[in-house]
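Please have the sequence and the structure at hand while reading.

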Amino acid sequence: MLKIYGLYRSRATRNIWLCDELGVPFELVPVVQANRQGSAAAATFKVDTRSPEFLKVNPNGHIPSIDDDGLILHESLGINLYLAKKHGGPLGPASLAEDGQMTTWTAWALTEVEPHSIQVLYHRVAKPAGERDAKVADAAIEALKAPFRVLDAALAETGYVVGGRFTVADINIAECVRYAQAAPELFEANPNVKAWIAKVQARPAFKAMMAKRDQEPA
Ligand SMILES: N[C@@H](CCC(=O)N[C@@H](CS)C(=O)NCC(=O)O)C(=O)O
């Protein structure tokens, strides 16, 4: 069975959401972030991203990784492109052109969105109040204005980014955009993005993943 190394409270959510959409069974092998020492998660899950046994799987020391029948892969969004192609169906590319579009949107989410959206998450929500820096959050929101406009325009015609249907590209982008949801002003300014994120996050597979995430020790 496919193994996913990681936790619900990590970027493994991206792979878990996709597997649930695809109906692909998996075993979640718990590996906690090394920087969460002292947390309930660290007390619960004994292997962390610096444990020798995990570094044998991923020498980068990050989660998620997968083991698919002996094939080890890292990088959450690259894993998703692989799984969508392997299992086929409407979530994956139907042609080389769609493959190119899905890869391009994924690289776009990783470079244009995630570096900024993660700062919004950290500095508006995730860090303890005393460690949040409003200036960092504001700069990240400013940097996201242009990519949000690009996404808004791309969604205008069909409400999805590739092939007029929900695909792995939507999951990959949505999971990077999710970190910016602590900045509602970005969504108010881009109604197509606002409608799209609500639509994809209303999918049963996303809701099931988030419900399990909420139950996981923090
Ligand atoms: N680009 C990587 C980032 C992986 C990453 O940074 N994962 C975090 C958890 S979401 C992690 O492992 N942090 C703990 C560590 O680096 O030790 C991906 O998308 O998979």
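A polar side-chain atom of His 62 lies 2.6 Å from an oxygen atom of the ligand. This is a polar contact, that is, a pair of N or O atoms within 3.5 Å. The model is predicted, with local features needing pLDDT of at least 70 and side-chain atom pairs counted only at pLDDT 80 or more, while totals for chains, interfaces and linings use all residues. Residues are numbered from 1 along each chain as its sequence is written, and side-chain values use heavy atoms, leaving out hydrogens and water.

| Residue | Distance to a ligand oxygen atom |
|---|---|
| Arg 11 | 3.4 Å |
| Arg 50 | 2.9 Å |
| His 62 | 2.6 Å |

The protein covers 82% of the 500 Å² of accessible area that the ligand has on its own (Shrake-Rupley method, 1.4 Å probe). Residues around the ligand, each with a heavy atom within 4 Å of it, include Ser 10, Arg 14, Gln 33, Thr 49, Glu 75 and Ser 76. The shell divides into two nonpolar, six polar and four charged residues; here Asp, Glu, Lys and Arg count as charged, Ala, Val, Leu, Ile, Met, Phe, Trp, Tyr, Cys and Pro as nonpolar, and the others, Gly among them, as polar.

Among the 32 lining residues, Arg 9, Ser 10, Arg 11, Gln 33 and Tyr 122 are the closest to the centre.

Pro 64 belongs to the ligand's shell, and the peptide bond from Ile 63 to Pro 64 is cis, with omega near 5 degrees. Asp 69 has a positive phi, near 55 degrees. Most residues other than glycine have a negative phi, and most peptide bonds are trans.

Methods:
On a 1 Å grid over the protein atoms alone, a cavity is a set of points where a 1.4 Å probe fits but cannot get out, and a pocket is an open set with protein on both sides within 12 Å along at least five of seven lines; lining residues have an atom within 4 Å of a point. A polar contact is a pair of N or O atoms within 3.5 Å; within protein, one must be able to donate a hydrogen and the other to accept it, and residues adjacent in sequence count only if both atoms are side-chain atoms.
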